[in-house]
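Biologist: I would like to learn how to read a few features of a model like this one. Could we go through them one at a time?

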Amino acid sequence: MSFLSLSSTAPHPNINLQMNYWPSLPCNLSECQDPLFDFIGSLSVNGAKTAKVNYGANGWVSHQVTDLWAKTSPDAGDPSWALWPMGGPWLATHLWEHYSFTMDREFLERTAYPLLEGSASFLLSWLIEGHEGYLETNPSTSPEHYFIAPDGKKASVSYSTTMDMSIIREVFSAVLLSADILGKSSTDVVQRIKAALPRLPPIKIGRDGTIMEWAQDFKDPEPQHRHVSHLFGLYPGHTMTLEQTPDLCKAVANTLYKRGDKGPGWSTSWKMALWAHLHNSEHAYKMILQLITLIDPKHEHEKEGGLYSNLFTAHPPFQIDANFGFPAALCEMLVQSTGSDLYLLPALPRDKWPHGSVKGLRARGGLTVNICWKEGSLHEALVWSSSSGNSLALARVHYGDHAAVISASPGQVYRFNSELKCLETWQL
């Protein structure tokens, strides 16, 4: 779990590096994130210099390609991947996620908040006044992808891609939530974020009913491109949900159908998690079958997914990120959570996995979950908070049309039946 790179010494923080750490929190392995946080700390030091020298900006920044020496500057090459200053902000979201699962206030105050605040300071410097009074990012790219410009040629640089705006919203929201917990809500950075958030352009739906990847509804030269960056707001972000933004989620589904199922392993794992958040168990399971397809390395094709016989995921060549993305996506099929809500078996493929159980999964709010299901339906669930004293005070538990509210006292175990009736409680 301490892998930093997708290959050699060139970690790519446009999905690959982050995916390596996706399972650490839901799989109850939060301590495995320590190498990532050490690395983010190094990026913040070098990234402060890059922000000042390259952009005259505050805070710290890191781009799409880094290395073991914490390189933060833009790379030399095609702008579709060389110039993307959202690598650092995306990594910064992992700091808030760590707190939301562990409720470790000391970590939030000493480690997470200073790094988040530094990332937000850069983003506030990076945003400029744009169309219709919105705050925009310009130049802006969507990782490794292109669009057809008005002159009919392929291009990759525009303004305010959906990926940019989605990551910025996550960082800004994390700073506001952290500041509220730590009593820092009156600081200048927090006040500037509160003023900036309503001025960020919204996620838009294109003429074909899909999520727009760019600020304008450009034609896509490669509709089945491997990246699904513009769907970040659904997963691993939190700005699109079935409950709050059903129209956007319908457009997410249309986007996934248009993108297609094919792609390298990391793309397959990401799509699996996205389908899970759409509660589409059938398609999430289809992604599992695609990922575990046996591949002969002597006859594999470029960008093909699947598994080698040693269970390493094919790209080609081998990349570890899909191996880690898979258990994270699997967890999302069984348990999903927000800061106050816990969803049990939201994307269980009932006809494929009619009977089963899982123990020790973690959820936001410092909760731990055991689930047993039979004949494709919930049979029993145990939910309890950590004994640290920093657990979520109140949580809503959901299964299908059933819901229950628990007061998550530290060490208090709740046992639910299939209708989420609390059968008993006890103290650990």
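Biologist: Leaving aside neighbours within four places in sequence, which residues is His225 in contact with?

Modeller: In this predicted model, His225 is in contact with Pro143, Glu144, His145 and Arg259, once its neighbours within four places in sequence are set aside. His225 itself is found in the loop between helix H7 (188–196) and helix H8 (246–259), and a polar atom of its side chain lies 3.1 Å from the backbone nitrogen of His227.

Biologist: Is His225 buried or exposed?

Modeller: His225 has a relative accessible area of 1%, and because buried means under 20%, His225 counts as buried.

Biologist: How should I read Asp217, and where does it lie?

Modeller: Asp217 also belongs to the loop between H7 and H8, but Asp217 is partly exposed, with a relative accessible area of 29%. Beyond four places in sequence, its contacts are Gly206, Arg207 and Met212, and the backbone nitrogen of Arg207 lies 2.9 Å from a polar atom of the Asp217 side chain.

Biologist: What describes two packed helices?

Modeller: The general idea is that one gives the angle between the axes and the distance between them. Here, the axes of H9 (residues 265–277) and H10 (residues 281–291) come within 8 Å and cross at roughly 165°; since angles over 145 degrees count as roughly antiparallel, H9 is roughly antiparallel to H10. The contact involves residues including Trp275 of H9 and Leu291 of H10, and its residues divide into seven nonpolar, five polar and one charged.

Methods: Residues are numbered from 1 along each chain as its sequence is written. This is a predicted model: local features need pLDDT of at least 70, side-chain atom pairs count only at pLDDT 80 or more; totals for chains, interfaces and linings use all residues. Side-chain values use heavy atoms; hydrogens and water are left out. Axes are lines fitted to C-alpha atoms, for helices over the stretch in contact, and angles run from 0 to 180 degrees between N-to-C directions. Helices (H or I, at least four residues) and strands (E, at least two) are DSSP runs, numbered from the N terminus. Angles under 35 degrees count as roughly parallel, over 145 as roughly antiparallel, 65 to 115 as roughly perpendicular and the rest as oblique. Contact means heavy atoms within 4.5 Å. Ala, Val, Leu, Ile, Met, Phe, Trp, Tyr, Cys and Pro count as nonpolar, Asp, Glu, Lys and Arg as charged, and the others, Gly among them, as polar. Buried means under 20% relative accessible area, exposed over 50%, partly exposed in between (1.4 Å probe, protein chains only). A polar contact is a pair of N or O atoms within 3.5 Å; within protein, one must be able to donate a hydrogen and the other to accept it, and residues adjacent in sequence count only if both atoms are side-chain atoms.
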